[in-house]
Amino acid sequence: MITKVEGIILSKTPFKDRHLVCRLLLRNGERISAIFYGGQGGGTKKKSSFLELGHLVKVELTRAKTNTSIFSVKEWTLSWHHKQIRENHRAFYLLCSFLEVSDKLTVDADLFEGLYEEQVLRDSMFKVLSNSIFFLEKRVQEKKSISSDLFIFLGKTLIDQGVFPERSNCVLSGVDLTLTEEISLLDEQGGFADIACLNQDMLDAKLNGRDAKNMWALLCQIALGKYTDLQEIEDVPIHYSNRLIDYLCYQVQVSRGDFKTFSLLI
């Protein structure tokens, strides 16, 4: 069994008087649930402040049977933490949304039989989440707009899930989308279509035409750019993110209502 791992705290739940049950997104993009004894503070433990949402922690687990669903933490240390996000309510809501989406779209890790590998996969959800938190913290520190952070996070999440919208050609006619002026995003077809190919019933009621073309252009940047390059994107209309939420939910077959934090943002 692998006993030393590192992960981002996705959620935490009080357990009895002094303990916490936390869900961690590990470096390989999978998650575990673990009990932090004394995690609420008190007694001899002085590290309860480490266990906050979005913090990156290293943990040493006690050995367990292969059928366990919750691991026990022997020791833990803080690897990285945000400082300014919790002081900005809008940024904190964004953080909670990042964590909730990551939790719902990842699977449990198998720490037994040598099946677990800790390396960060190229486009793993861990990489998406860690970059999203790091650059959200940076924007808050620099007092910049955070209106683009949700949109960028959703775009990178779509890449990770393998459901990023087709952006090169119309999903109906195959025409080069760079040659079109007005387009629409079709959830069922998994990409954008030239409006000239659509009848009235097929038009996206929430976003189409030039507005959809503007969103398409931003998604092209996200598809090609690293997180550091995307920091130049500062102002994204909230209805662009709202539209991507619907697209994501359709593609991964999850009800929008299952995400409780979206109502705090949209």
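The structure is a predicted model, in which local features need pLDDT of at least 70, side-chain atom pairs count only at pLDDT 80 or more, and totals for chains, interfaces and linings use all residues. Residues are numbered from 1 along each chain as its sequence is written, and side-chain values use heavy atoms, with hydrogens and water left out. Helices (H or I, at least four residues) and strands (E, at least two) are DSSP runs, numbered from the N terminus.

- S3 pairs with strand S2 (residues 19–26) in the antiparallel sense over 6 bridges; two strands pair if DSSP finds at least two bridges between them.
- Across this pairing, Leu-20 stands opposite Phe-36.
- The hairpin of S2 and S3 has 4 residues between the strands, and there Gly-29 takes a positive phi near 90°.
- S3 also runs parallel to strand S5 (residues 71–80), joined by 3 bridges, and Ala-34 has Phe-71 of S5 as its bridge partner.

**Helices H3 and H4**

- Two packed helices are described by the angle between their axes and the distance between the axes.
- For H3 (residues 149–161) and H4 (residues 210–224), the axes come within 10 Å and cross at roughly 60° (axes are lines fitted to C-alpha atoms, for helices over the stretch in contact, and angles run from 0 to 180 degrees between N-to-C directions).
- H3 contributes Phe-151, Ile-152, Gly-155, Lys-156 and Ile-159 to the contact, while H4 brings Met-215, Leu-218, Leu-219, Ile-222 and Ala-223 (contact means heavy atoms within 4.5 Å).

**Two buried residues**

- Arg-31, found in S3, counts as buried because its relative accessible area is 14%.
- The side chain of Arg-31 reaches the backbone oxygen of Asp-103 at 2.5 Å.
- Thr-261 lies in the segment after helix H5 (238–252) and is buried, with a relative accessible area of 10%.
- Not counting residues up to four places away in sequence, Thr-261 touches Cys-96, Ser-97 and Glu-100.

Technical notes: Buried < 20%, exposed > 50% of the residue type's maximum accessible area, 1.4 Å probe, protein only. Polar contact = N/O pair within 3.5 Å; in protein donor to acceptor, adjacent residues only side chain to side chain.
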